[in-house]
Amino acid sequence: MEHTLQIMTEEAFDVMVVGSCMTDLVSQTPRLPKAGETIHGQKFFIGFGGKGANQCIQAARLGAKTAMVGKVGKDFFGENYIQNFKDNGVHTDFVEQTSDAATGAASIIVNDAGENAIVIVAGANMLLSSEELQNVLPAIGRSKVLVCQLEISPETSLQALRMARENKVKTIFNPAPAIPDLDPDFYRVSDVFCCNESEAELLTGSSVANVEEARRVGQELLKRGCGSVIITLGPQGCVVLKAGESNSKHVPTTKVTAVDTTGAGDSFIGSLAFYMAHYPTMPLEEIARRANQVAVVSVQAIGTQTSFPFKQDLLAELF
């Protein structure tokens with residue numbers, strides 16, 4: 001065991017993600033049920049989700065050598081999730097199984113209009129602790145890019161970002177799901193602070209309904225100490241701001257008919273991580289432009305990870 005651990009800790013990854021794994025239990029219904037009501041749905045499926053795992057899998061599908069750091073239950077869903085990572089070429093030695101909680105789960109009801117109601121039970125995700133991160137520190141120190149979100153304990157995410165920064169590893173932080181009282185240190189340890197309109201609104205208290213407002217709010221977030229800020233705007237693309245540069249850049253995206261936007265933000269962030277690791281000198285707005293193109297492909301198919309494209313599904317010019 002000593003010997004295998006040695007080999008394991010000496011591997012160098014392009015992208016490491018410290019974050020969440022969730023099993024999505026999805027029911028499609030004509031409408032959302034009222035309290036105390038039972039209705040018939042037309043379809044049920046189980047999917048792999050969780051922001052951390054989604055971002056990790058998109059980076060892997062583009063060709064990044066990736067490792068996931070997370071926690072699942074010692075249960076059927078946990079076993080399945082680890083297999084899902086392996087099927088996608090993600091390194092799983094840092095995904096632990098615990099008997100103290102169930103694998104994170106999201107019960108999702110989607111109606112015919114595409115509206116949803118979701119209950120998330122974080123379960124094992126909340127048990128990933130700062131102590132366990134210490135064991136992964138050598139691997140974090142040798143990786144190129146570290147990605148974190150807020151579906152695990154915020155302290156654990158912050159600790160991982162700090163470790164990366166101390167080791168000169170590039171950091172991407174996605175403050176999702178957003179919390180209004182975010183520790184100000186999160187801004188200072190983010191090379192790239194990437195959020196969507198609603199997250200930006202929650203963090204600043206200002207409306208983000210268009211590109212102009214996104215530029216203003218982006219400046220406000222930048223002032224809090226981030227290296228750069230990207231605010232994603234769905235069909236309007238994104239706005240990119242960098243510390244020390246007075247002008248923000250609007251990066252539009254290709255117009256398409258979206259079939260299912262679930263996970264589009266995760267596809268975008270996983271793509272950012274891939275490009276930052278593989279093309280360290282590429283300007284951030286060009287990285288964002290390419291990540292937009294990947295996310296655009298993901299919204300044209302049903303499902304979350306099932307809709308994430310592989311390198312061979314994409315135009316050669318994106319690589």
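Visitor: How many aromatic pairs does the structure hold?

Guide: Happy to show you! The structure holds 12 aromatic pairs; rings of Phe, Tyr and Trp (its six-membered ring) pair if their centres lie within 6.5 Å, and planes under 30 degrees apart count as stacked, over 60 as edge-to-face and the rest as tilted. Please keep in mind that this is a predicted model, where local features need pLDDT of at least 70, side-chain atom pairs count only at pLDDT 80 or more, and totals for chains, interfaces and linings use all residues. Residues are numbered from 1 along each chain as its sequence is written, and side-chain values use heavy atoms, leaving out hydrogens and water.

Let's start with Phe13 and Phe94, an edge-to-face pair with 6.3 Å from centre to centre and 80° between the planes. This pair links distant parts of the chain, 81 residues apart: Phe13 is in the loop between α1 (2-10) and β1 (15-18), and Phe94 is in the loop between α3 (76-87) and β5 (95-98). Helices (H or I, at least four residues) and strands (E, at least two) are DSSP runs, numbered from the N terminus. Phe13 is buried, at 2% relative accessible area, and Phe94 is buried at 7%. Buried means under 20%, exposed over 50%, and partly exposed in between (1.4 Å probe, protein chains only).

Next come Phe274 and Phe319: their planes are at 65° and their centres 5.8 Å apart, so this pair is edge-to-face. Phe274 is buried at 2% relative accessibility, whereas Phe319 is partly exposed at 23%.

Finally, ring pairs link Phe173, Phe186, Tyr187 and Phe193 into a cluster.
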